[in-house]
Amino acid sequence: MSTTDKNISAFDVAQVRKDFPILDEKAYGKPLIYFDNAATSQKPQVVIDAISNYYSHYNANIHRGVHFLSQKASNAFDDVRFKVKHFLNSRSEREIIFVRGTTEAINLVASTYGRQHVHAGDEVLITAMEHHSNIVPWQLLCEEKGAKLKVIPMNDAGELMMDEIDFLITDKTKIISVVHTSNSLGTINPVKEIIAKAHAKGIPVFVDGAQSTVHSVIDVQDLDCDFFAFSAHKMLGPTGIGCLYGKAELLEQMPPYMGGGEMISSVSFEKTTFNEIPFKFEAGTPNIADVIALGTAIDYLMQMDRTGALAHEHELLNYSMHHLSKIDGVRLIGTALNKASVVSFVLKDINAFDAGMYLDTKGIAVRTGHHCTEPIMTRLNIPGTIRASFLFYNTFEEIDVLVENVAKAIAFLKPQHA
Amino acid sequence: MNSIAALEQQIVEDFELFDEWEEKYQYIIDLGQKLKPLATEYKIDDNKIKGCQSSVWLHAYNVADKIFFEADSDSTFVKGEIALLINVLSGQPAEEIISTELGFVDRIGLRQHMAQTRANGLAAMIKQMKLYALGFQHKTV
């Protein structure tokens, strides 16, 4: 298959785009080209409708009302836990905890499992390509406990140096937390292999699935990860909601994260007993509307031609890398063999932010900077990149416009004395 | 030397020639490319204002009660913004710099682009210019 051919797959992009009303918007009077999907995805109309239907027709607090609306809202909410279970292929819906997003999920595990098991002199292992949200919570834990944060290094292409792992996992390692797919480089990490190595030494593994959940089919039983987290807003759902998956036997042993209503079994001034999992970790009235809309996003993903969508994303990636790399002055950052549809690049002698703003004036939405992964930029000795991240609703024609305008940006912004 | 208000008015009038964000962007880049580079002796960490997207180096000195600024950035767009600020503030009396509200940033439509890139250094730079003015004012009083 040539990397330059268009429309190889039978995936019907034009039809899919009709489901996303925002894709018809204009930016400065020009057709919007949305290539900032790694920051947040756009939402299909059904997801937008799910939120408004909930507030228009059955808004009520759940699990406590005896009335019609509360029953209806409770049923809709409870159904979503089963949808997530099915979506991630977990053993039980009890293993699914609703959180605000991946960041909260990582903080939850670091504050509960981490506080329980990591002590002075112990080690927590992460990778060189973590998002800040999978660094800082572990750093805080290590500082509190007098433990050490260790890092699996990466090579110049942006791939983990797997040979190093055997030396980095020691008797002191208490938990390993790895990003499944890098938000700034697109690298898909061999998490299954890391998990197997960790389990051989009895160490649990947390997988940050913020980027991977929309770009791959997740099976937590096949991965055998101990924890997995994702954010709804990066996979067609609303902001402010996400899920933590944890193996039931681990979740049951963990202390609660926050105290409040819903997470208790009984309360007196002397003693509180906690609810069963997953409710033990869900204090307070949950984000009902967004949980329901997350369920709709999962329905959408599971009912669409997912295989076609993922193949289309892969073709978009190859097409963009092929054409961007042909432009004089473009250097691709992150050239791992196994990549999701994220292309990061730098321009010779041109500031990434200036180029990003140039693209913005043309209606093209990209992100520039360190993408909340400063250690990656330090490792690669660059201040930041320009990142275009694609989702299945993007087109080859949009990439043509990007490529054309990257070339124009270089011509416009190149230093005048050069 | 014109007053801050008069210099701001001139910038606002210059920008009234542009309808599109694209044209404003190109004009600011042009200003950035023409800004005199800061001498390397002043491009030091002590003078650095670190933003999320770019870094700014700001050097200030006074001649009598007037404060002068020179600055640089790794971003040409930010250098263009710097050129606008220097044009308005450099050479003004300290008390004028401290009390000005710099309405032109809003009036030429730059504020919306500042918000989208949280800290391209401009907001931090205005604050730092005022702090310098305050520092010099106390020294000279």
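1. Two residues are in contact if their C-beta atoms, placed from the backbone, lie within 7 Å. By that criterion the contact between the two chains takes 14 residues from chain B and 12 residues from chain A. On the side of chain B that touches chain A, the elements giving two or more residues are helix 2 (21–34) and helix 3 (76–89) of chain B. Helix 2 of chain B supplies the largest share of that side, five residues. By class, the side of chain B that touches chain A has five nonpolar, six polar and three charged residues. Here Ala, Val, Leu, Ile, Met, Phe, Trp, Tyr, Cys and Pro count as nonpolar, Asp, Glu, Lys and Arg as charged, and the others, Gly among them, as polar.

2. On provenance and conventions: this is a predicted model, in which local features need pLDDT of at least 70, side-chain atom pairs count only at pLDDT 80 or more, and totals for chains, interfaces and linings use all residues. Residues are numbered from 1 along each chain as its sequence is written, while chains are lettered from A and ligands numbered from 1 in the order in which they are written. Helices (H or I, at least four residues) and strands (E, at least two) are DSSP runs, numbered from the N terminus.

3. Helix 15 (residues 396–413) of chain A packs with helix 13 (residues 352–361) of chain A at an angle of about 125°, their axes being 10 Å apart. Axes are lines fitted to C-alpha atoms, for helices over the stretch in contact, and angles run from 0 to 180 degrees between N-to-C directions. Helix 13 and helix 15 of chain A are therefore oblique to each other (angles under 35 degrees count as roughly parallel, over 145 as roughly antiparallel, 65 to 115 as roughly perpendicular and the rest as oblique). Helix 13 of chain A contributes A:Asp354, A:Ala355, A:Tyr358 and A:Leu359 to the contact, and helix 15 of chain A contributes A:Asn405, A:Ala409, A:Phe412 and A:Leu413. These residues divide into six nonpolar, one polar and one charged.

4. Helix 12 (residues 306–325) of chain A also packs with helix 15 of chain A, at an angle of about 20° and with the axes 10 Å apart. That makes helix 12 of chain A roughly parallel to helix 15 of chain A. The contact consists of A:Leu316, A:Tyr319, A:Ser320, A:His323 and A:Leu324 from helix 12 of chain A, with A:Phe396, A:Ile399, A:Val403 and A:Val406 from helix 15 of chain A.

5. In strand 7 (residues 173–179) of chain A, seven of the seven residues are buried (20 or more other C-beta atoms within 10 Å of the residue's own, C-beta atoms being placed from the backbone). Strand 7 of chain A pairs in the parallel sense with strand 5 (residues 123–127) of chain A over three bridges; strands pair if DSSP finds at least two bridges between them. A:Thr173 is the bridge partner of A:Glu123. Four bridges join strand 7 of chain A to strand 8 (residues 205–208) of chain A, also in parallel, and A:Val179 stands opposite A:Asp208.

6. An open sheet of four strands in chain A has the order 13-14-17-16, with antiparallel pairing. Strand 13 (330–333) and strand 16 (367–369) of chain A stand at the edges, each with a single partner strand, so one side of each is left without a neighbour in the sheet. Neighbouring strands of this sheet are turned by 30° against each other on average, direction ignored. Strand 13 of chain A pairs with strand 14 (residues 342–347) of chain A over four antiparallel bridges, where A:Val330 stands opposite A:Leu347.

Technical notes. A residue is buried if 20 or more other C-beta atoms lie within 10 Å of its own, exposed if 12 or fewer, and partly exposed in between; C-beta atoms are placed from the backbone.
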